[in-house]
Amino acid sequence: AVPVEGKNEAAMSELVPEPRQKPVVPMKPMGINANLLGYIGIDTIIEQMRKKTMKTGFDFNIMVVGQSGLGKSTLVNTLFKSQVSRKSSGWNREEKIPKTVEIKAIGHVIEEGGVKMKLTVIDTPGFGDQINNENCWEPIEKYINEQYEKFLKEEVNIARKKRIPDTRVHCCLYFISPTGHSLRPLDLEFMKHLSKVVNIIPVIAKADTMTLEEKIEFKQRVRKELEVNGIEFYPQKEFDEDLEDKTENDKIRQESMPFAVVGSDKEYQVNGKRVLGRKTPWGIIEVENLTHCEFALLRDFVIRTHLQDLKEVTHNIHYETYRAKRLNDNGGLPPMTVETEENHESNL
């Protein structure tokens with residue numbers, strides 16, 4: 001006979017299973033990247049995009065337009081903190097003013113923090129330097145449209161490149177002379193024609209030639225004249241995507257534009273610090289000091305906050321407008337050449 005206690009113990013052992021030993025976790029294979037076994041979430045796509053951009057790099061093409069002597073080259077060199085534009089070495093007796101507007105594109109590769117940027121600076125010597133400046137914006141407009149055409153032809157190729165070289169002008173800095181009075185008819189005509197095909201950012205050059213009061217008054221006058229003449233500069237109101245963009249861009253349009261800037265590639269010692277500036281008999285004008293000029297605002301606007309948007313507006317608005325008009329006028333795709341026809345037949 002089995003004792004009662006023994007029966008109870010037997011019954012309990014049937015009901016409560018014995019605790020199983022935890023399985024041994026296999027070690028991570030040495031060949032697998034530890035990151036793959038880490039955090040998983042849809043926000044990791046940001047890191048993927050960052051790595052991709054760092055590998056491929058990106059293009060940014062900036063055009064500078066204005067009369068000679070307004071410090072265009074110096075400002076662009078200051079903007080990117082390197083000699084990316086033609087070096088202005090003062091007046092040269094052998095260097096004559098071009099009879100017509102020339103287009104000079106200089107390409108550079110800038111690398112910072114592991115990110116590569118192919119920067120192209122497009123200069124326009126000869127603009128506004130003649131006695132008769134009628135239609136002097138036409139070569140510039142032609143150049144901008146030629147870049148759209150080049151991109152379009154690459155895009156409609158049957159065997160097109162995986163990454164189409166982008167030579168389209170993403171940003172045009174238009175230099176306004178610091179007269180303190182009003183815009184010249186040439187300024188208005190240029191911006192009226194070109195604002196439809198490129199992102200124009202108006203800047204008041206050599207702002208240190210005006211007092212603070214004159215500068216504020218001139219900025220207000222320029223804004224008023226642009227509004228009266230129906231000239232849309234970047235960032236355009238109709239392209240604001242949401243309320244946050246609108247609030248941010250309204251502030252820029254109503255307070256900052258046009259940026260009153262001073263450029264310099266020379267450094268001076270001020271209170272124990274090395275600063276970019278211009279030396280005058282009454283002191284040093286610090287380029288990056290907001291109380292002296294608005295260069296820092298322009299640099300932040302073009303590079304830190306709106307560089308990607310400049311590229312997107314160029315592609316989605318200006319290029320799309322050109323593309324739609326071009327294909328509509330042509331009744332479809334651009335005409336095939338003999339070479340493209342042969343390629344098409346071989347592909348078939």
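Contact here means heavy atoms within 4.5 Å, and helices (H or I, at least four residues) and strands (E, at least two) are DSSP runs numbered from the N terminus. The model is predicted, so to speak of local features takes a pLDDT of at least 70 and side-chain atom pairs count only at pLDDT 80 or more, while totals for chains, interfaces and linings use all residues. Residues are numbered from 1 along each chain as its sequence is written, and side-chain values use heavy atoms, with hydrogens and water left out.

The sheet comes first. Six strands make up an open, mixed sheet in the order β2-β3-β1-β4-β5-β6, where two strands count as paired if DSSP finds at least two bridges between them. At its edges sit β2 (104-112) and β6, each pairing on one side only. Strands of a sheet pair through backbone hydrogen bonds, either parallel or antiparallel. β4 (residues 171-176) and β5 (residues 200-204) run parallel and are joined by five bridges, with I176 opposite I204. On to β6: β5 is parallel to this strand too, through two bridges, and here I204 stands opposite A260.

β5 is mostly covered, with five of its five residues buried (under 20% relative accessible area; exposed is over 50%, partly exposed in between, with a 1.4 Å probe and protein chains only). I200, P202 and I204 point one way, I201 and V203 the other. In a regular strand the side chains alternate between the two faces of the sheet.

Helix α5 (residues 185-194) lies across β1 (58-65), β4 and β5, at about 170 degrees to β4; axes are lines fitted to C-alpha atoms, for helices over the stretch in contact, and angles run from 0 to 180 degrees between N-to-C directions. Together, β4, α5 and β5 form a right-handed β-α-β unit, meaning that with the strands pointing away from the viewer the path from the first strand over the helix to the second runs clockwise.

Then there is H318, in helix α9 (residues 307-330). H318 is buried, because its relative accessible area is 5%. A polar atom of the H318 side chain lies 3.4 Å from the backbone oxygen of K196. Beyond neighbours within four places in sequence, the contacts of H318 include Y148, V198, N199 and Q236.

Last comes α7 (residues 243-256). Its 14 residues should span 20 Å at 1.5 Å a residue, and the end C-alpha atoms are 19 Å apart, which agrees. N249, D250, I252, R253 and S256 are its buried residues, and their cover includes α6 (212-228), β6 (259-260) and α8 (295-305).

Definitions and conventions. Expected span 1.5 Å × (residues − 1). Polar contact = N/O pair within 3.5 Å; in protein donor to acceptor, adjacent residues only side chain to side chain.
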